[in-house]
Amino acid sequence: MQRWTGSTWVDATAAVERSTTNRDSYTSSVTWNVTEGYYYRAKTIHWIQQGTTYEQGERISYHILIGP
């Protein structure tokens, strides 16, 4: 999870590893406590390895403002 500081996105939580097994499909969820008044977004890193071939990618969600 990342939080907007007003000038840059910073990691707001520790990384959570959800799976270490190669799969065709994977679903998971994580819950975090956040602070009102900040924008947050999710960042995921996904990877796959077959033999010595390794590929990694990153996806970033749209941001959301946490309000009262």
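Visitor: Over the ring of which residue does the charged end of Arg 3 sit?
Guide: Welcome, and please keep in mind that this is a predicted model. The charged end of Arg 3 lies 4.6 Å from the centre of a ring. A charge counts as sitting over a ring when it is within 6 Å of the centre and within 35 degrees of the ring normal.

Visitor: What is the order of the strands in the open sheet?
Guide: Four strands make up this open sheet, and their pairing is antiparallel. Strand 2 (9-11) and strand 6 (64-65) are the edge strands, each pairing on one side only. Inside the sheet, strand 1 (residues 2-4) is joined to strand 3 (residues 39-41) by two bridges. Put together, the order is 2-1-3-6.

Visitor: Which residue is the bridge partner of Gln 2 in strand 3?
Guide: Gln 2 lies in strand 1, and strand 1 runs antiparallel to strand 3. The side chain of Gln 2 also makes a polar contact of 2.7 Å with the side chain of Arg 41. The bridge partner of Gln 2 is that very residue, Arg 41.

Visitor: Is Gln 2 buried or exposed, and what is its relative accessible area?
Guide: Setting aside neighbours within four places in sequence, Gln 2 is in contact with Trp 9, Val 10, Asp 11, Ala 12, Tyr 39, Tyr 40, Arg 41 and Lys 43. Buried means under 20% relative accessible area. Gln 2 falls under that limit, so it is buried, with a value of 6%.

Visitor: What is the length of the polar contact between the side chains of Gln 2 and Asp 11?
Guide: Asp 11 is among the residues in contact with Gln 2. A polar contact needs N or O atoms within 3.5 Å. The side chains of Gln 2 and Asp 11 meet this limit at 3.2 Å.

Visitor: Why is the pair of Trp 4 and Trp 9 called tilted?
Guide: There are two aromatic pairs here. In this one, the ring centres are 5.2 Å apart. Planes under 30 degrees apart count as stacked and over 60 as edge-to-face, with the rest tilted. The pair is tilted because the planes of Trp 4 and Trp 9 stand at 55 degrees.

Visitor: How exposed are Trp 4 and Trp 9?
Guide: Partly exposed covers values between the buried limit of 20% and the exposed limit of 50%. Trp 4, at 29%, counts as partly exposed. Trp 9 is partly exposed too, with a relative accessible area of 22%.

Visitor: What about Trp 47 and Tyr 54: at what angle are their planes?
Guide: The ring centres of Trp 47 and Tyr 54 are 6.3 Å apart. Trp 47 is partly exposed at 34% relative accessibility, and Tyr 54 is partly exposed at 45%. Their pair is stacked, so the planes must be under 30 degrees apart. The angle is 20 degrees.

Visitor: Over how many bridges do strand 4 and strand 5 pair?
Guide: Strand 4 (residues 43-50) and strand 5 (residues 53-60) run antiparallel. Trp 47 stands opposite Gln 56, and Thr 44 stands opposite Arg 59. The number of bridges is eight.

Visitor: Which residue in the turn of that hairpin has a positive phi?
Guide: Two residues lie between strand 4 and strand 5. The positive phi is about 65 degrees, and the residue is Gly 51.

Visitor: What is the radius of gyration of the protein chain?
Guide: The C-alpha atoms fill a box of roughly 50 × 25 × 20 Å along the principal axes. Of the 68 residues, 6% count as buried. A compact globule of 68 residues would be near 11 Å, but the protein chain has 15 Å.

Visitor: How far apart in space are Pro 68 and Glu 36?
Guide: Pro 68 lies in the segment after strand 6 and counts as exposed at 98% relative accessibility. Pro 68 and Glu 36 are 32 residues apart in sequence. In space, their C-alpha to C-alpha distance is 6.4 Å.

Conventions: Residues numbered from 1 in each chain as written. Predicted model: local features only at pLDDT ≥ 70, side-chain atom pairs only at ≥ 80, totals over all residues. Heavy atoms only, no water. Pairing = 2+ DSSP bridges. Buried < 20%, exposed > 50% of the residue type's maximum accessible area, 1.4 Å probe, protein only. Polar contact = N/O pair within 3.5 Å; in protein donor to acceptor, adjacent residues only side chain to side chain. Contact = heavy atoms within 4.5 Å. Phe/Tyr/Trp six-rings, centres within 6.5 Å; stacked < 30°, edge-to-face > 60°. Rg over C-alpha atoms; globule rule 2.2 N^0.38 Å.
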